[in-house]
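Here's a quick briefing on strand pairing and ring contacts. Have the model open and follow along.

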Amino acid sequence: MLRAQPTASHHIAGAYIDDSEGAPMACLYPATGDKVAELHEATPALIERALAAAQAAQPEWAATAPAERGRILARAAAIMRERNHDLSVLETLDTGKPLQETLVADAASGADALEYFGGLAAGLQGQMLRLAGGDFCYAERVPLGVCVGIGAWNYPTQIACWKAAPCLAAGNAMVFKPSEVTPLGALTLAEILTEAGLPPGVFNVVQGAGAVGAALVNDARTAKVSLTGSVATGHKVYAAAAAGMKQATMELGGKSPLVVFADADLEDAVSGAILGNFYSSGQICSNGTRVFVERPLRGAFVARMVERLAGVVMGDPLDEATNFGPLVSERQLESVMGFIRKGEAEGATLACGGHRANRPGWFVEPTVFTDVTDEMTIAREEIFGPVLSVLDFDSEEEVIARANATPYGLAAGVFTADLARGHRVIGRIQAGTGWINTYNLTPAGMPFGGMKLSGFGRENAAVALESYTQLKSTYVATGPVEAPF
Ligand code: NAD
């Protein structure tokens, strides 16, 4: 029987803590439904311990030379790369994503973030302004203090790294709560950071569902929360942060458009739509699930997509030949199947897929709908599964208006041979992250995040580092003080 390591539930002040007082949390392997680990939710006493450890460790960490902070993050990145295989197996057990994917996309991208922000740590700069009469002022970028990170279940290791790396590089401490569905990856990050020399208490992991997250956000010691999750949770977490006047970063859901013009390279456009709909079995927030195809290319696009999907290898995710895994949970499977049934009921046509796969685990066939209209539920709501909707269009103006007719604004893609048009169209789509002639690539140096209901704030790039700081200004007088009396 498969068993996942670590087996302890939490990581606080540099050590694993196995506390069985809290409610049990079973970690199930989505390809079989077998239990691979049993962890426990954090009790109020453990939440207190984690926040106290973070608060105690933060001042000294902030006083550590930024270059030394950066070296520790770089060492952690190197350890992650050395252990990539083991970490990828763990990620596969945690999420069900195929090893073929996790070997290149999870710990690897987490290591990229640690290395990138480690490199930026020593370059974090403030401002200095010369004033009249020799006076001047300066504004430093100082850390916020204790920050809380809350993760979703689709990229547990990457999300933990994307939040921890800029947070720690800027001199803050963090208490991170992974999704209760995928609790394992963040624990190994804490272990690796400790091994790389991070002082105890600077990065802590506690387990639990929404109530544990809410307790962390509501605590007076918390200066900032960075959430990756659904819009519904975003509303709650942002409201709680506002009540305590805390900073927030919200990485939420989407219903992103992917626009394919008739002059696009067909093979590349199909590849882009595969990356943006079926990688990680479609469980990616930035997916381009509304695929607008210019009418002359529509038939060829759908035919080639269906042909290419015949290359899907569904199977045991731990087998490297498998390139398509299950959904993360039975609940997610039921939710996705509900959307597929709605698509059929509302009149969309199934070009392929549409069923639960006939095998153990929570597999849904890669599904393509045609004859989709803007009003259908599958074109409006985030499905978070392997379901692609093809919508036809006739003109640039029309497709821009329809692409923007959504309350979301996370991402967008354009495929065209005409680069001027590519820039023009992506420039007018209301989305925080866009791609021209590719999809879903998120290098550490590229700001990532959403507009509208998809959230605010950005992960990755220098802007994420700055979002874990605040400006502290000082005016320095060099002459006598003038007073009216
Ligand atoms: P979710 O909103 O159900 O949960 C997200 C996290 O919030 C979990 O850790 C959960 O325990 C916690 N949580 C729930 N209620 C809370 C509360 N009241 N206070 C504090 N924490 C609370 O989302 P999910 O189902 O885990 O993930 C899927 C969603 O995440 C999708 O909508 C997807 O688009 C989004 N997502 C966004 C990004 C991005 O970067 N924009 C990336 C991945 C996933």
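Val142 sits opposite Gln470 in strand E22. Strand E6 (residues 136-143) and E22 run antiparallel and are joined by eight bridges; two strands count as paired if DSSP finds at least two bridges between them. Keep in mind that this is a predicted model, where local features need pLDDT of at least 70, side-chain atom pairs count only at pLDDT 80 or more, and totals for chains, interfaces and linings use all residues. Residues are numbered from 1 along each chain as its sequence is written, and side-chain values use heavy atoms, with hydrogens and water left out.

**The sheet**
- The three strands form an open, antiparallel sheet in the order E5-E6-E22; strands are DSSP runs (E, at least two residues) and helices likewise (H or I, at least four), numbered from the N terminus.
- E5 (127-130) and E22 (469-476) are the edge strands, each pairing on one side only.

**Aromatic pairs**
- The whole structure holds seven aromatic pairs (Phe, Tyr or Trp ring centres within 6.5 Å, using the six-membered ring of Trp; planes under 30 degrees apart are stacked, over 60 edge-to-face, the rest tilted).
- Phe176 and Phe203 make a tilted pair, 6.4 Å centre to centre with 35° between planes.
- Phe176 is in strand E8 (residues 173-177) and Phe203 in strand E9 (residues 203-205), so the pair ties together parts 27 residues apart in sequence.
- Both Phe176 and Phe203 are buried (under 20% relative accessible area; exposed is over 50%, partly exposed in between, with a 1.4 Å probe and protein chains only).

**Charges over rings**
- Lys224 has its charged end over the ring of Tyr468, 4.3 Å from the centre (NZ of Lys or CZ of Arg within 6 Å of the ring centre and within 35 degrees of the ring normal).
- Arg359 lies over the face of Phe363, 4.8 Å from the ring centre.
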